[in-house]
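Work through the following exercises with the sequence and the model side by side. Each task is followed by its solution in steps.

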Amino acid sequence: MTELRLKFDRTKNVAPTVAASPGVARPQLGIFLCLLSMLIFASQDGITKVLVKDFPVAQLVMVRYWVFVVFALGYAAYQGRVKESLCSKHPWLQIIRALLAVGEIVLFAVGLRYLGLAEMHALYAVFPLMTLALAGGLLGEFVGLRRWIAAAIGFTGTLIILRPGAGVFELAAVIPLLSALGFAFFNVLTRRISQHDSFATNMLFMASVGALTITFVGLPAWVSPTPVQGFLMGILSLTGVVAQILLIQALKYATASTLQPFNYALLVFATLIGVIVFAERPDTWVVVGAALVIIGGLYAIKAKA
């Protein structure tokens, strides 16, 4: 899979088989669409932070998965491959991958109850470096010295944000790290599966298994929303689909390697929303640590090129 984060929630890089179409290379348009999708994802996290105070996390994730199922079926139908998409060469890996996605999304939403958007995304941004390490160990991918240096830089940034032993460490800070680790495993499995299964198959399994799983938990915990809250839930779910479509389109006009650095705009947008909407004030250490995480990620991309 690409390192590009194609999330249906924030789900958070899952378009490994979608590449820039030959003959229509328009990298500027691809970058613009990618940045727009990152802005939408950051806005989604802002809406989630508002709703998670009054609703069970499982309910919010469940509603989003219901919409995601419709989108996945529609995408497979558009490709004319609904029946084919229901068949996988690795069904058990697909199920595990889908469960990882659900768990990662739930953890991220829970984290938004306790941490600001800047802190959440600064810690979560380490997931590409976790993926790098896991890919080397689980997939046997070659990880050169420069990429290990990139990982060390990024993890140093994470430690600066956490500041263990400085009396400022919060247990809640572990949540985005666990979420990032779950998404890193998700990425590694997607790379493995995508060698044999199509993008539509990946989407259908992720949507259907995820929706079935989270519905068992979310439906019994249902809390009736007010009209305004219901509207926000609808916006939260629909914008996830819109952002996915934008990211898929971006990959038609630019390569994944071109778009990959712009994933970090998500951290910038989330921080701005946190400052403007929620009056958050990330301290200097968070800013410095986040900068190192981004530098490590960008250096890893360069080292891979």
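**Exercise 1. Find the segments that UniProt lists as "transmembrane region" and describe two of them.**

The unreviewed UniProt entry lists residues 57-78, 98-116, 122-140, 171-190, 202-223, 229-250, 262-279 and 285-301 under this name. UniProt positions follow the numbering used here, feature names are shortened, and annotations may be inferred rather than shown by experiment. The model is predicted, local features need pLDDT of at least 70, side-chain atom pairs count only at pLDDT 80 or more, and totals for chains, interfaces and linings use all residues. Residues are numbered from 1 along each chain as its sequence is written, and side-chain values use heavy atoms, with hydrogens and water left out.

Step 1: residues 98-116 are 89% helix and 0% strand, with the end C-alpha atoms 27 Å apart. Helices (H or I, at least four residues) and strands (E, at least two) are DSSP runs, numbered from the N terminus.
Step 2: residues 285-301 are 100% helix and 0% strand, and their end C-alpha atoms are 24 Å apart.

**Exercise 2. Decide whether Ser37 is buried or exposed, and list what Ser37 touches.**

Step 1: locate Ser37 in helix α1 (residues 27-51).
Step 2: buried means under 20% relative accessible area, exposed over 50%, and partly exposed in between (1.4 Å probe, protein chains only). Ser37 has 0% relative accessibility, so Ser37 is buried.
Step 3: a contact means heavy atoms within 4.5 Å. Leaving out residues up to four places away in sequence, Ser37 touches Ala243, Leu246 and Leu247.

**Exercise 3. Classify the ring pair of Tyr75 and Phe199.**

Step 1: rings of Phe, Tyr and Trp (its six-membered ring) pair if their centres lie within 6.5 Å; planes under 30 degrees apart are stacked, over 60 edge-to-face, and the rest tilted. The count by this rule is nine aromatic pairs.
Step 2: the centres of Tyr75 and Phe199 are 5.2 Å apart and the planes stand at 85°, so this pair is edge-to-face.
Step 3: Tyr75 lies in helix α2 (residues 57-78) and Phe199 in helix α9 (residues 199-218), 124 residues apart, so the pair links distant parts of the chain.
Step 4: both Tyr75 and Phe199 are buried.

**Exercise 4. Compare the span of helix α7 with the expected span.**

Step 1: the expected span is 1.5 Å times one less than the number of residues.
Step 2: α7 (residues 145-162) has 18 residues and reaches 26 Å from first to last C-alpha, close to the 26 Å expected.
Step 3: just after α7, Arg163 takes a positive phi of about 50°.
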